[in-house]
Amino acid sequence: MSKNITRRDILNMGAAAGGALALTGFGRAFAQEHHHHGMEVILPASAPQQNPPAAQCLAPLVVPNGSVLPWRMVGGVKVFHLVAESVKREFAPGLMVDCWGYNGSTPGPVIEGVEGERVRIYVTNRLPAPTTVHWHGLLLPNGMDGVAGLNQRPIQPGETFKYEFDLERPATYMYHPHFDEMTQMAMGMMGLFVVHPRQPEGPRANRDFCIMLSEWSIKPGTSRPNPLEMTDFNILTMNGKAFPGTDPLIVKTGERVRIRLGNLGAMDHHPIHLHGYHFKVVGTDAGRIPDSAQWPETTVLVPVGSTRDIEFVADRPGDWAFHCHMTHHVMNQMGHDIPNMLGVKPGTLDKKIRPLLPGYMTMGETGMGDMGHMAQMMGAPKNSIPMLGGKGPFGGIDMGGMFTVLKVRDGIADYGDPGWYQYPASTVAERAGADELRRDGIKI
Ligand SMILES: [Cu+2]
């Protein structure tokens, strides 16, 4: 095997040489990623140590607040082990949730493969209920499609099933149960499944992020999602975290960024908006969109049961918001069954109501900003994050939920959180001076 092996060489070996794939740079990149997560990786002791030339190498998938599922090569087949099980997850500081997921996480780890590979995926059911796994969007034999009753019998608690198929075409796919779908997905059972192309299909991405969107109904003070909810979802997550629990996306200025978004929430489509950039929508769960058909956007709608890949060159440093544009999807555990107090002059109202509703306090006369802070002060129920927002360099960030920050920085050496953006002098909006107002004829 050539010392200067390229990614194309590796990919051209195809599935037949799959065993060798694990020994090459590409396999090694996976292995290193997986090592970070403390998972078991089987690599022969004689594995070559060099990485392929950087320009040829696939960027490793970056899963904020998550991980990639480890694998091993057995006789040319890439073998995975998914474990469906109960999961405790902190969605944001102050909110621990009793979920169901895979391998200790919700969403489950990202499954990653290459077009042409054969995969064998063992699924162990450690849930108290039967389950299956449907490989959403993948082209595969009918009997591998995972719909309970239709394509297979359910995997009973304690059983381990085996799925095996070829990764025919590249795309950002998903996986989720197809048994008691309403309950199991509402409890968090879902994950992304990325199949890379053998030949590059577009410009190489330097940063390749994976984000699963989801929505939950979790009454303040409780820890178990309510699968019966149809409309009033009060926790919205990216990779199972609600802001300020979401990790930022760190990018070096000038890098090409891909963000893969999947949505397996119950009822809502999410228009995900990126500040500061014009991106292109380059892919769905049926593959790459031809260059001629890609369209420029600042907001991409990710419908339930779909994935969308977006790409852009991160040429503008800063801390750029990246969030769902449904304004109720960037609120944490906000109650909606309250009267509209906007414009109300409360007077002695609070005093009069307190005998009936102890602790009552008129809120919202001028809106909802900073209310998260108030809710915390007033003593929110245990294990709840009512209207919790984040702390920014200029004060409170009054959003939560499906919100994170794209941090683009010049010349960073690693992808650790660089802290808040240091704004160049005179580039931050601030109070206008009297002389400026006079100069420009602004009368107040
Ligand atoms: Cu949304």
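I began with Tyr360, which counts as partly exposed because 14 C-beta neighbours lie inside 10 Å, a number between the limit of 12 or fewer for exposed and that of 20 or more for buried. I kept in mind throughout that this is a predicted model.

I then looked up where Tyr360 sits, and found it in the loop between helix H5 (349–353) and helix H6 (371–377). Setting aside residues up to four places away in sequence, I noted that Tyr360 touches Asp350, Ile353 and Arg354. For Asp350, which is 10 residues away along the chain, I recorded a C-alpha separation from Tyr360 of 6.3 Å.

Next I turned to the chain as a whole, which has 444 residues, 41% of them counted as buried, and which contains 7 helices and 24 strands. Of the contacts between residues at least 6 apart in sequence, 75% join residues at least 24 apart.

I looked up the largest nonpolar core and found 87 residues in it, with Val110, Phe193, Cys210, Ile211 and Leu406 having the most contacts inside it.

Last, I traced an open sheet of 5 strands, ordered E13-E24-E21-E15-E19, with mixed pairing. Strand E13 (249–252) and strand E19 (299–302) are at its edges with a single partner strand each, so one side of each has no neighbour in the sheet. I noted an average twist of 20° from one strand to the next. Within this sheet I checked E15 (residues 270–274) against E21 (residues 318–324), which run antiparallel and are joined by 3 bridges, and I found Leu274 opposite Phe322 in E21.

Notes: Residues numbered from 1 in each chain as written. Predicted model: local features only at pLDDT ≥ 70, side-chain atom pairs only at ≥ 80, totals over all residues. Helix = DSSP H or I, 4+ residues; strand = E, 2+ residues; numbered from the N terminus. Contact = placed C-beta atoms within 7 Å. Core = buried A, V, L, I, M, F, W, Y, C linked by C-beta atoms within 7 Å. Pairing = 2+ DSSP bridges. Axes fitted to C-alpha atoms, helices over the stretch in contact; angles between N-to-C directions.
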